[in-house]
Amino acid sequence: MSEHEMIKLVFGIFLLLGGFVLVFLSFTLFYKYLIQDKRCNKKTKGIVTGYTMARYGSKGSGVHLPIVNYWVDGKEYQVKGPIFKAYIVKNVTTPFHKNELEVEADEKQRLIIKRHTNAFVGVYKNPMEELYPLNSEIDVFYDPHRPKFSYVERYCDQKWVFWLTFLCGIGTWVIDLLIQILL
């Protein structure tokens with residue numbers, strides 16, 4: 001086996017495995033986004049019991065999503081959300097400004113955070129605490145056949161995440177096939 005064939009074989013195996021991993025991840029992690037809006041058609045009330053440790057959005061946003069507990073047929077479930085498509089942060093820092101926070105969700109499923117902070121003593125608060133304080137009630141939509149499958153308040157269309165991951169995996173296989181045939 002020549003050096004060229006050996007490199008092609010090793011590279012081909014890595015591309016094949018990489019494509020497999022992407023397709024596998026698209027179905028195991030992101031397939032739910034394709035079926036969530038149709039299957040989660042029952043509504044119940046949930047209670048905000050805390051906030052996630054992970055931060056969502058850009059580094060400066062400081063968004064920790066609410067953790068919502070809800071009950072279906074006497075059994076307790078937990079979901080995080082509501083999830084937004086984007087987190088837009090507008091920071092204004094001046095030496096003599098009060099620490100203020102304005103939070104709003106728009107019709108494009110974006111969370112817009114306007115934060116005014118004092119340059120000397122800046123206090124950052126989780127913007128989700130403004131919208132969804134602890135122990136507040138919030139709507140949870142769930143699948144009646146699988147109640148753990150749910151989302152909070154409204155459906156956030158993230159089907160693109162599945163399609164992007166899936167098509168990248170398929171594209172990797174196509175590139176691998178072309179390399180194996182043409183080179």
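This is a predicted model: local features need pLDDT of at least 70, side-chain atom pairs count only at pLDDT 80 or more; totals for chains, interfaces and linings use all residues.

User: How many helices and strands does the chain have?

Analyst: The secondary structure comes to four helices and eight strands. Along the sequence the pattern runs α-α-β-β-β-β-β-β-α-β-β-α.

User: And is it spread out or compact?

Analyst: The chain is more spread out than a compact globule, because its radius of gyration is 22 Å, well over the 16 Å that the globule rule gives for 183 residues. The C-alpha trace spans about 70 × 50 × 25 Å along its principal axes.

User: What share of the residues is buried?

Analyst: Buried residues make up 37% of the 183. As for the surface, the chain exposes about 11,600 Å². Carbon and sulfur atoms supply 62% of that area.

User: What about contacts between residues 24 or more positions apart?

Analyst: Take the contacts with a separation of 6 or more. Residues 24 or more positions apart account for 63% of them.

User: Charges: how far apart are the mean positions of the positive and negative ones?

Analyst: They are 1 Å apart. The chain has 23 positive and 18 negative charges.

User: Which of its residues are buried?

Analyst: In H4, the buried residues are Val161, Phe162, Thr165, Phe166, Gly169, Thr172, Asp176 and Ile179.

User: What do they pack against?

Analyst: Two helices: H1 (3-29) and H2 (32-39).

User: Let's stay with H2. Is Gln36 buried or exposed?

Analyst: Gln36, which lies in helix H2, is buried, because its relative accessible area of 7% falls under the 20% cut-off.

User: What does Gln36 touch beyond its neighbours within four places in sequence?

Analyst: Gln36 is in contact with Phe149, Ser150, Tyr151 and Tyr155 there.

User: Now a strand residue. Where is Val103?

Analyst: Val103 sits in strand E5, residues 100-105. Val103 is buried at 19% relative accessible area. The cut-off for buried is under 20%.

User: And which residues does Val103 touch?

Analyst: Leaving out residues up to four places away in sequence, Val103 touches Leu111, Ile112, Pro127, Glu130 and Leu131. Take Leu131: Val103 and Leu131 are 28 residues apart along the chain. Their C-alpha atoms are separated by 7.3 Å.

User: On to backbone angles. Which value does phi take at Asp73?

Analyst: Phi of Asp73 is near 55°, a positive value in a residue other than glycine. Most residues other than glycine have a negative phi.

User: Where does Asp73 sit, and is it buried or exposed?

Analyst: Asp73 is in the loop between strand E2 (66-72) and strand E3 (75-80). With a relative accessible area of 81%, Asp73 is exposed.

User: What about phi at Asn135?

Analyst: Phi of Asn135 is near 65°. That is also a positive value in a residue other than glycine.

User: Where does Asn135 lie?

Analyst: Asn135 is in the loop between helix H3 (127-131) and strand E7 (137-143). Asn135 counts as exposed, at 62% relative accessibility.

User: Thanks, that covers my list.

Conventions:
Residues are numbered from 1 along each chain as its sequence is written. Side-chain values use heavy atoms; hydrogens and water are left out. The radius of gyration is taken over C-alpha atoms; the globule rule is 2.2 Å times the number of residues to the power 0.38. Buried means under 20% relative accessible area, exposed over 50%, partly exposed in between (1.4 Å probe, protein chains only). Contact means heavy atoms within 4.5 Å. Accessible areas come from the Shrake-Rupley method with a 1.4 Å probe; for residues, only the protein chains shown count as cover. Lys and Arg count as positive and Asp and Glu as negative; His and the chain ends are not counted. The place of a charge is taken as NZ of Lys, CZ of Arg, CG of Asp or CD of Glu.
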